[in-house]
Amino acid sequence: MSTPAIEIRDLEKRFIVKQGLFGTPRHVRAVDGVTLSIPTGATLGIVGESGCGKSTLARLILGLLPASAGSVLVEGQDLSRLDRRARARLIQPVFQDPFSSLNPRRSIGDIVAMPLVAQGVAGRETRSRVAEMLEQVGISPDMASRYPAQLSGGQRQRIAIARALVLRPRILLCDEPTSALDVSVQSQILNLLADLRRSLNLTTIFISHNLAVVEHIADTVAVMYLGRIVEEAQAQALFATPRHPYTRALLASVLTPEPGLGVPDVGLGDVLPDPSNIPPGCRFHPRCPVAIARCSLQTPPRVDGAECHLLSA
Amino acid sequence: MRRSGIWIGGAILTLVVLAGVFAPWIAPHDPYAQDLTRRLAVPFWMEGALPEHLLGTDQLGRDYLSRLIFGARVSLIIGAMVVVVSGAIGITLGVLGGFFGGRVDDVVLFLITCRLSIPVVLVALAVVGLLGSSTTLVVAVLGLLLWDRFAVVARATTMQVRNLDYVAAAWAAGSSTPRILISEVLPNIMTHLAVVGTLEMALAILLEAALSFLGLGVPPPLPSWGLMIAEGRDFMFFSAWVIWIPGIALFTLVLAINLLGDGLRDLFGAAPS
């Protein structure tokens, strides 16, 4: 296999949280040794519950936050060593909330042109590329003079996608791109992303807490728990035969539309994960329904893409 | 009812601005022309008023209406210039502190605290007293002293905008920091700053009048409303209008600017963005 489109090596982020004037500062390990790589044209889904570090990971990959350790390489180039223009040509984001990701004071045309302007592209070329890009995301170029407040949530997200793709980046990083949208609009946006991914040969990172969405769009899936990837596998394999107990719990927690079933019991107990106080050994053991004595003592090694003692035994 | 303030304030302010801009054409007399035979003529609603002096004359026989109209110029120019100078200082400091945080913000906060601990009127009096009175000096002193509210509001609003995704998107798109500040942050905090601008303008006009009243503002014979009140002080027992005509003008203008500011604040506060 050739070099992967994007390679994430031992990425780590620690925050220092001060507690009052005399309190001892605590370290919060939001992202803890994440290693991932994605071949060109593939889509990686990252799933996990709220607060597991998904969005911090997204910000680290984009370089919006400086990493405490580790590196992100796109086509062999370390993103943190590139200047802002070169980095922008390699990786672009689509954010969750299309209401806060578009500047309300700028027109649609200006918003989509913004990355080109930042690259120093001349006026006339900018206009034609913006019009072309708007058409590709299903927005009439006539709407370029409108403002975000005049658009629906789905249209706004199309604009956000147009802005991300107008530079023809190699990597598209989508951080929960559909979770702020109506269910009826979600599938439109997902299909648009799938189409664009094929036609532009994009490599995509797709972060979501919605398992159904990830199953629909991702080739491989990484499951994140307390800042760490606990299982990584082909999408079909992961959903058919989840190996890590946390993955199984996540899959069990999906609500079904069938009446009478109620809220599923996932057997995780009431303890909530706290990234400022990560348990020793396997970080999942306090909530794990099948934990054994060894789990609280040793960090589990990764076996076939999953980090669990029971698999290696 | 809630919208009436913005209209009333806007209408009065527009009238005063028009009067100030077209002062040479609408003023019936030269505001500097003295006529010692017609000193302290009474305004039109009093017994024995002179038809050519609608609002009477002052102690040197100068037409009061003309001086009032030219005085609007002084008030507005000083108010506007002070807002420009203090706005430039305050917005720059506030945006930098709010956007970068950390050390930069510490310095900005320190400067704001320093500024807040300086008594404006005292320093203005001392500086003008030392260097002599002139319009430029009044603008410079007030401009350098009234930026604190701009800085506080710019800092707070920038901190909110800084964390929004469109700023992150602009950063990820390769925009430079100055470009992010100018085209992403500034346009989105401008509405809040406009409200501060009206408050500061009203305050600057009042302070200019106060300084002029003390003889440390604009130099005579320039027709400033504060100076007119000061000059009429000795005659107020027998010719009270020489004080309260410019007094009412000052009150009306400041009230109009404040009404406009309140109206703008309500308008922007109600808007979704």
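In chain A, strand β7(A), helix α6 (residues 183–200) and strand β8(A) form a right-handed β-α-β unit. The model is a predicted one.

**How β7(A) is covered**
- Strand β7 of chain A spans residues 171–175 and is mostly covered, with five of its five residues buried.
- On one side of β7(A), the buried residues are A:Ile171, A:Leu173 and A:Asp175.

**Strands paired with β7(A)**
- Strand β6 of chain A (residues 91–94) runs parallel to β7(A), and four bridges join the two.
- A:Val94 is opposite A:Cys174 of β7(A).
- Strand β8 of chain A (residues 203–208) also runs parallel to β7(A), joined to it by five bridges.
- A:Cys174 has A:Phe206 as its bridge partner in β8(A).

**Helices α4 and α7 of chain B**
- Helix α4 (residues 102–116) and helix α7 (residues 148–162) of chain B have axes that come within 10 Å and cross at roughly 150°.
- Angles over 145 degrees count as roughly antiparallel, and α4(B) and α7(B) are therefore roughly antiparallel to each other.
- The crossing of α4(B) past α7(B) is left-handed.
- From α4(B), the residues B:Asp105, B:Leu109, B:Ile112, B:Arg115 and B:Leu116 take part in the contact.
- They meet B:Asp148, B:Ala151, B:Val152, B:Arg155 and B:Met159 of α7(B).

Key
Residues numbered from 1 in each chain as written. Chains lettered and ligands numbered in written order. Predicted model: local features only at pLDDT ≥ 70, side-chain atom pairs only at ≥ 80, totals over all residues. Heavy atoms only, no water. Buried < 20%, exposed > 50% of the residue type's maximum accessible area, 1.4 Å probe, protein only. Pairing = 2+ DSSP bridges. Right-handed = clockwise from strand over helix to strand, strands pointing away. Axes fitted to C-alpha atoms, helices over the stretch in contact; angles between N-to-C directions. Parallel < 35°, antiparallel > 145°, perpendicular 65-115°, else oblique. Left-handed = near helix turned anticlockwise from the far one by under 90°. Contact = heavy atoms within 4.5 Å.
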